[in-house]
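Please look through the sequence and the model shown here before reading on.

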Amino acid sequence: MKKLAAASFLALAIAAPLQAAGPDFPTPAPIAYMEDMSSGAVLFAKDADRRMPPASMAKMMTVYVAFDLIKKGELKLDQRIEVRPETWKKWHSQGSTMFLGVGEQPTVADLLKGIVTLSGNDACVVLAEGIAGTEEGFVNLMNDRAKKIGLTNSHFGTSNGWPDEGRTYVTARDLAHLAAATIRDFPDLYKAFYSLPSFTWGKTLGAGAAIEQGNRDPLLGKVPGADGLKTGHTEEAGYGFTGSAEQNGRRLVMVLAGLDTYSGRADESVRFMRWGFAAWSTKPVVKKDRTVGTVDVQGGTANQVAVVAPRDLNITLPSGLSPKLAGKIVYQGPVKAGFKKGDHIADLIVEGEGMPQQMLPLVAAEDVGQAGFFGRAWAGLMSLLHLA
């Protein structure tokens, strides 16, 4: 069962005039979503759970799978993958392309640049085939990873998001969570691949010719701290974008979808991200390593353990607002023993009028091992007698 407890940081609450709701963002985009990764606060949501075709934003899932395999040592950045004639024939002129040639052997790093920077449909399929043998096999990996990272309302039918009669669908909320997972799980790979201004390929065209293409990310160079992620466009999906930027230690992730024009997507993306940083601000609530409370433990060498902040914890508020805060510790409890100091075993939910509810992680302050047989028997007896 989920247990609740009052949070000890409430002494930090500041009494101030309350605001009925957070700031609004008028947008022509049919679908829009923004989350502050630093606090977990949802700053804006407009039809964020509507299923939609992702177009090339689906390629973020392909990149996530590749990053995961690289991190595990199962895929190497300098590993070469040959372009099959059948793959070239189908994808060399189908939508966005990296301009891969038949028989070429680009490295995994080359293909990732071709996917992220150039949105190459051909690069996606070549990488998928090189990893799993077939695109279909790779798509199975995509859906498996999607479930593991909590994309509860998404399904992938292709590696590149090409229209497939509705088999591939996502939501804006899921796209934002995918972007956040990529940034959180693979910070070095994210930094290396997601903000390149351009990439050059096409060495087999003509006599050693090459083609340079720019990154389509509309935030790069226009919003300080912008460093990803992916645009998408098909006739069915319209123009969409999943983006992120970090300023002064605060990272936002945004999604816009269903816009009518390329320029409209660019302008609205910049306006949305600027609004996120200007209309909202952060407030510290708990310092790193500070004890917030205790949680009950089952079958352990101790029947309770303190939970502490794993880092400086902040919340996100509308700029200029300082509401009275209320907090509670939540966890699936009692927590089963056999965890280490620093393990995430509870969360702190913070609420205040005029601000979105926010959930912040709490970790165990010390190791708690499993009790021996007699310890477990004694704990069971005490529980039966309602003495523990």
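Lys 59 counts as buried because its relative accessibility is 0%, where buried means under 20% relative accessible area, exposed means over 50%, and partly exposed lies in between, with a 1.4 Å probe and protein chains only. This is a predicted model, in which local features need pLDDT of at least 70 and side-chain atom pairs count only at pLDDT 80 or more, while totals for chains, interfaces and linings use all residues. Residues are numbered from 1 along each chain as its sequence is written, and side-chain values use heavy atoms, with hydrogens and water left out.

Lys 59 is found in helix H1, residues 59-71; helices (H or I, at least four residues) and strands (E, at least two) are DSSP runs, numbered from the N terminus. Leaving out residues up to four places away in sequence, Lys 59 touches Ile 115, Ser 119, Gly 120, Asn 121, Cys 124, Ser 159, Asn 160 and Lys 230, a contact being heavy atoms within 4.5 Å.

Two of these partners, Ser 119 and Lys 230, touch Lys 59 and also carry annotations of their own. In the unreviewed UniProt entry, the annotation "active site" covers Ser 56, Lys 59 and Ser 119. Although they are spread over 64 residues of sequence, these residues cluster in space, with a largest C-alpha distance of 7.8 Å.

Ser 119 lies in the loop between helix H3 (108-116) and helix H4 (121-132), and Ser 119 is buried because its relative accessible area is 3%. Not counting residues up to four places away in sequence, Ser 119 touches Ser 56, Lys 59, Ser 96, Gly 114, Arg 216 and Lys 230. Helix H3 itself is mostly covered, since eight of its nine residues are buried, among them Gly 114 and Ile 115.

Lys 230 has its place in strand E6, residues 226-234, and counts as buried because its relative accessibility is 4%. Apart from residues up to four places away in sequence, Lys 230 touches Ser 56, Met 57, Lys 59, Met 60, Ile 115, Val 116, Ser 119, Phe 241 and Thr 242. Leu 229 is also found in strand E6, and a cis peptide bond, with omega about 15 degrees, joins Gly 228 and Leu 229. Most residues other than glycine have a negative phi, and most peptide bonds are trans.

Backbone angles also draw attention to two loops. Asn 248, whose phi is near 55 degrees, a positive value in a residue other than glycine, lies in the loop between strand E7 (238-247) and strand E8 (250-259), and is exposed because its relative accessible area is 85%. Asp 289, whose phi is near 75 degrees and likewise positive in a residue other than glycine, lies in the loop between strand E9 (280-286) and strand E10 (291-298), and is exposed because its relative accessible area is 54%.

Where is the largest pocket lined, and by which elements? A pocket is found on a 1 Å grid over the protein atoms alone, as an open set of points where a 1.4 Å probe fits, with protein on both sides within 12 Å along at least five of seven lines, and lining residues have an atom within 4 Å of a point. About 660 Å³ of space lies in the largest pocket, and of the 21 residues that line this pocket, the closest to its centre are Glu 35, Met 37, Gly 40, Arg 184 and Met 359. Strand E2 (31-36), helix H6 (172-185) and strand E16 (358-364) are the elements that give two or more residues to the lining, and H6 gives the most, with five residues. The lining draws at least three residues from each of domain 1 (29-279) and domain 2 (286-384), the domain bounds coming from an automatic or database domain assignment.

Taken as a whole, the protein has nine helices and 16 strands, and buried residues make up 50% of its 388 residues. Among contacts between residues at least 6 apart in sequence, 65% join residues at least 24 apart.

Conventions: Grid points are joined across faces, edges and corners, and a volume is the space filled by probe spheres set on the points. UniProt positions are given in the numbering used here, feature names are shortened, and annotations may be inferred rather than shown by experiment.
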